[in-house]
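Thanks, I'll keep this short.

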Amino acid sequence: MNTLRNFYFLRAGVALVWVVLALLSAAAPSPVVGLLLVLYPAWDAFANVLDARRSGGLAANPGQRFNAITSGMTAIVMAVAYSLYAAKGGVLVFGVWALLAGLFQLAVGIRRRKLGGQVFMMISGAQSALAGIVFCVQAFKAVPGIAQLAPYAAFGAFYFLLSALWLTFKRGRAKPAS
């Protein structure tokens with residue numbers, strides 16, 4: 001339980017750092033924005049591998065395995081799409097990834113629901129999937145900049161923080177009175 005709680009705190013912290021960097025980079029040169037767009041799914045891939053290794057491995061956690069593979073591939077595709085089509089390609093790839101990652105996160109949350117704090121992960125997964133659809137539609141209209149993608153990561157940080165706090169307080173309640 002401590003490992004999962006600490007992992008959720010780590011995920012929240014990294015997402016918040018990315019949000020700050022995204023907001024500060026709104027007017028940055030295109031390569032900086034592209035790098036940030038590549039780093040976010042790359043971190044997600046790494047984080048899913050870390051999480052799975054602590055809970056039985058990737059073979060025992062198909063949702064995390066597929067999320068890690070999807071996020072890793074997304075980082076590569078993002079680099080290509082952004083270099084070829086700039087923000088339009090980046091937002092489209094980000095949207096498809098948010099949709100898929102959200103569905104995988106929802107599946108993992110459902111699978112782990114007995115651990116507690118997973119309702120926030122399930123809500124986050126559903127919200128990520130919906131945001132992904134919106135980003136895909138926006139990629140064919142007025143394309144948002146990286147600052148407009150930052151709230152997506154901010155909500156993810158918020159849900160990871162809520163889950164970590166839930167597990168913290170759940171652990172405190174579970175201790176026997178002395």
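This is a predicted model. I'll start with helix α2, residues 30-53, and helix α3, residues 62-111: the two pack at an angle of about 175°, and their axes are 8 Å apart. An angle over 145 degrees counts as roughly antiparallel, so α2 is roughly antiparallel to α3. As for what sits in that contact of α2 with α3, the residues divide into 17 nonpolar, 9 polar and 2 charged.

Now α3 itself. If a helix of 50 residues were straight, at 1.5 Å a residue, its span would be 74 Å. Between its end C-alpha atoms, α3 spans only 10 Å. Where is the kink in α3 centred? On Tyr-85, and the kink is about 145°.

Last, the largest pocket. Its volume is about 450 Å³. There are 31 lining residues, and those closest to the pocket centre are Arg-11, Asp-44, Gln-105, Ser-124 and Phe-160. Which helices supply at least two residues each to this lining? They are α1 (2-24), α2, α3, α4 (118-138) and α5 (146-174). The largest share is from α3, with 8 residues. By type, the lining of the largest pocket splits into 16 nonpolar, 11 polar and 4 charged residues.

That's what I have; questions, please.

Definitions and conventions: Residues numbered from 1 in each chain as written. Predicted model: local features only at pLDDT ≥ 70, side-chain atom pairs only at ≥ 80, totals over all residues. Heavy atoms only, no water. Axes fitted to C-alpha atoms, helices over the stretch in contact; angles between N-to-C directions. Helix = DSSP H or I, 4+ residues; strand = E, 2+ residues; numbered from the N terminus. Parallel < 35°, antiparallel > 145°, perpendicular 65-115°, else oblique. Nonpolar A, V, L, I, M, F, W, Y, C, P; charged D, E, K, R; others polar. Expected span 1.5 Å × (residues − 1). Bend = angle between axes of the 7 residues up to and from the residue. 1 Å grid on protein atoms, 1.4 Å probe; cavity = no way out; pocket = protein on both sides within 12 Å on 5 of 7 lines; lining within 4 Å. Points joined across faces, edges and corners; volume = space filled by probe spheres on them.
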